[in-house]
Amino acid sequence: MKEILAVTGVTGKKSGGAFAKKLGGNMDEVRRRFPGGVRAIVRASSDTSHLDREIPGATKCVGALEDIDFLKDTFSGVDTVVHIAGISWSREVVTAAAQSHVRRLILVHTTGIYSKYKAAGEEYRQIDAFVYQTCKENGILLTILRPTMIYGNVTDHNVVTFIRMVDRLPL
């Protein structure tokens, strides 16, 4: 198997953009671990200029995360998938990864599964159950990251709200 890294959500403004920057800053290590390169899964409407700057030479695979056939083609020969685009597409990503014999999955999910409001977290718990079962049945190494809050930059509503609050409340 050619050692290839595939990444979803890498053109995002928050986690995806930060991941692209970190990955790009460590390209010698990335090339050593993934000599087959990096495949960035992007939408046709994605602005890939940040990706082009941060991860030069990444192969752009243009398509939709809802399209399992597209994902299966994209994951052909892939060793590791980092799925940052969001939990709502995890079933499709994991299904395609299993059918493509991906060795390892790293998923960025939500802490919403722990919500005290049962209905709010139920869908997330169902997705997680599917992910765990599929990975177990297919021998896929799985890591799920659950950031409690993802902060962006000053164009991010959460960050702007937080900055205004700090400005008003002397600490």
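Strands S1 (residues 4–8) and S2 pair in the parallel sense over five bridges; here, two strands pair if DSSP finds at least two bridges between them. Helices (H or I, at least four residues) and strands (E, at least two) are DSSP runs, numbered from the N terminus. Please keep in mind that this is a predicted model, where local features need pLDDT of at least 70, side-chain atom pairs count only at pLDDT 80 or more, and totals for chains, interfaces and linings use all residues. Residues are numbered from 1 along each chain as its sequence is written, and side-chain values use heavy atoms, leaving out hydrogens and water.

**Strand S2 and its partners**
- Threonine 8 stands opposite isoleucine 41 in S2.
- S2 also pairs with strand S3 (residues 59–62), again in the parallel sense, over four bridges.
- In that pairing, valine 42 has valine 62 of S3 opposite.
- Five of the six residues of S2 (residues 37–42) are buried, meaning under 20% relative accessible area with a 1.4 Å probe, protein chains only.

**The crossover**
- Together, S2, helix H3 (residues 49–54) and S3 form a right-handed β-α-β unit.
- Right-handed means that, with the strands pointing away from the viewer, the path from the first strand over the helix to the second runs clockwise.

**Helix H5**
- Helix H5 (residues 90–99) is largely enclosed by the rest of the structure, because seven of its ten residues are buried.
- Among those buried residues are Ser90, Val93 and Val94.
- Their cover includes helix H4 (68–75), strand S4 (80–83), strand S5 (104–108) and helix H6 (118–138).
- After H5 comes histidine 101, with a positive phi near 65°.

Key: Buried < 20%, exposed > 50% of the residue type's maximum accessible area, 1.4 Å probe, protein only. Contact = heavy atoms within 4.5 Å.
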